[in-house]
Amino acid sequence: MLAVAVLAAGKGTRMKSDLPKVLQPLAGSTLVQRVLASCAGLAPQRRLLIVGHQAEWVESTLAADAGLEFVLQQPQLGTGHAVQQLLDPLAGFDGDLLVLNGDVPLLRPETLEMLLSRHRASGAAVTLLTARLADPTGYGRVVANAAGEVSAIVEHRDCNDEQRRIDLINAGIYCFNWAKLAAVLPELTTDNDQGELYLTDTVALLSPAMHVEVADADELNGINDRLQLAQCEAVLQQRLREHWMREGVTFTDPASCTLSEGTRFGRDVVVEPQCHFRGAAVIGEGCRIGPGCLIDNATVGDRVEIVYSVVREARVDADCAIGPYAQLRPGAELAAGCRVGNFVEIKNSTLASGVKVNHLSYIGDADLGANVNVGAGTITANYDGVRKHRTVIGAGSKTGANSVLVAPITLGEGVTVGAGSTLTRDVPSGALALGRARQLVRDHWQGPS
Ligand code: UD1
Ligand code: CA
């Protein structure tokens with residue numbers, strides 16, 4: 001039997017933020033959600049989140065996480081006090097308790113699996129993750145012998161000079177035999193520099209206490225301030241880029257690009273400098289993205305080229321070319337082979353295959369049939385000040401430069417709209433529509449002198 005408890009009640013004073021620390025964003029998720037995700041593969045029978053500081057905010061953020069039990073720690077008197085709150089909900093629980101700090105978000109699932117199997121194989125009362133750090137400042141130091149047995153953990157601020165030189169640090173990730181931990185939890189005291197109840201003090205009360213050192217110390221990075229937040233973001237970004245390079249994506253300037261966990265690439269995608277992928281950004285095979293793109297929660301088909309553009313909550317099918325300087329907003333859906341050029345904005349609109357919107361246009365709440373050619377500067381006037389209305393343009397139609405289509409309006413198939421027209425009425429298929437002032441020319445005109 002396995003229970004997982006995540007400590008997320010602390011204030012996070014060093015963050016200097018209104019947002020609770022465990023809700024700080026990291027690679028498109030939050031600290032605590034990343035921690036919860038790292039232990040999902042262990043399929044624990046119970047999952048408990050200890051909340052306290054701004055508990056309601058944390059709970060409402062995680063409300064959709066079915067089966068997660070919230071345990072309130074009020075007031076917050078330290079990590080040991082936090083785990084004491086489990087004595088009630090876990091009364092009679094017979095198994096291991098994995099305790100994770102809510103601010104250690106880079107843990108790999110494999111590392112937790114390794115911790116659990118080592119703990120179970122050795123039969124220790126507690127097994128904790130450690131690492132050797134060149135700069136262990138701020139972390140609890142682990143006093144251990146060569147056999148991996150831990151006699152104590154001393155917090156940085158409670159260390160004497162000799163202890164401060166220990167480079168083996170406590171990650172705040174522990175696997176306890178719950179019954180043994182429960183027996184010693186009431187013995188904790190506040191005899192330390194912060195006057196708190198420290199979970200780390202239980203290791204001196206439990207035997208045997210073992211530690212397992214991880215190879216990649218980056219995994220154990222704890223986040224206490226914004227500097228460490230940025231460092232963790234950098235580690236995660238590096239991991240994501242490396243993963244996708246191994247999967248066949250070329251980054252011409254990897255360090256200038258950022259990815260989300262939900263980003264997916266097909267093979268032979270080339271990502272040029274300064275591209276950012278957020279949310280579920282799914283990019284097909286053979287695409288060329290960038291330089292300078294933001295792709296946010298969008299699906300892009302195969303062989304699409306996007307240059308200096310923003311694509312957000314939109315769908316772009318195969319063989320389209322976007323940009324430079326285009327913006328595809330939520331609900332833009334482009335079928336295969338469309339061309340959207342410079343200074344074009346498209347919102348909540350469907351473009352059938354082969355549509356061209358090459359220059360300086362706004363297409364909002366519109367449905368464009370196959371091979372429609374939208375002239376430079378065409379605007380769909382979709383908003384009457386109260387409501388949005390749709391514009392429908394049939395297949396093969398062409399709008400002249402600087403056309404304004406005042407919605408609701410339907411143009412049939414094969415319609416031609418003269419340049420500079422403002423159209424307010426429907427146009428049947430095959431017609432020419434002109435809606436502009438007639439040109440006046442006075443020969444030999446003499447202006448006032
Ligand atoms: C803790 C460890 C330290 C370890 C470090 C690793 C203790 C005493 N020290 O120190 O040995 O090296 O983590 O990152 O445990 N929390 C609560 N309730 C509280 C206090 C804290 O839920 O009353 C939660 C916090 O929200 C946080 C986690 O526990 O997620 C760790 O607390 P924090 O104050 O950051 O501990 P550290 O000083 O980093
Ligand atoms: Ca911490």
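1. A word on conventions before the details. Residues are numbered from 1 along each chain as its sequence is written, chains are lettered from A and ligands numbered from 1 in the order in which they are written. In this predicted model, local features need pLDDT of at least 70 and side-chain atom pairs pLDDT 80 or more, while totals for chains, interfaces and linings use all residues; side-chain values use heavy atoms, leaving out hydrogens and water.

2. Let me start with the largest pocket, which holds about 1,200 Å³ of space. A pocket here is an open set of points on a 1 Å grid over the protein atoms alone, where a 1.4 Å probe fits, with protein on both sides within 12 Å along at least five of seven lines; lining residues have an atom within 4 Å of a point. The volume is the space filled by probe spheres set on the points, which are joined across faces, edges and corners.

3. Its lining has 40 residues, with Arg 14, Lys 21, Thr 79, Asp 103 and Asn 224 nearest the centre. β1 (2–8), α3 (79–84) and β10 (168–177) are the elements that give two or more residues to this lining, and β10 gives the most, four. Helices (H or I, at least four residues) and strands (E, at least two) are DSSP runs, numbered from the N terminus.

4. The second largest pocket has a volume of about 460 Å³. Among its 21 lining residues, Arg 34, Leu 236, Arg 239, Leu 240 and Glu 261 lie nearest the centre. Nine of the lining residues come from α7, the largest share. Where does this pocket lie? It lies between domain 1 (2–220) and domain 2 (226–433), because both give residues to its lining; the bounds come from an automatic or database domain assignment.

5. Now to ligand 1, which has 23 residues around it, and of these Leu 7, Gln 73, Thr 79, Glu 155 and Asn 170 come nearest (a residue is near if one of its heavy atoms lies within 4 Å). Polar backbone atoms lie 2.9 Å from a ligand oxygen at Ala 9, 2.8 Å at Gly 10 and 2.6 Å at Asn 170. Taken alone, ligand 1 exposes 760 Å², and the protein buries 91% of that (accessible areas by the Shrake-Rupley method with a 1.4 Å probe).

Notes. A polar contact is a pair of N or O atoms within 3.5 Å; within protein, one must be able to donate a hydrogen and the other to accept it, and residues adjacent in sequence count only if both atoms are side-chain atoms.
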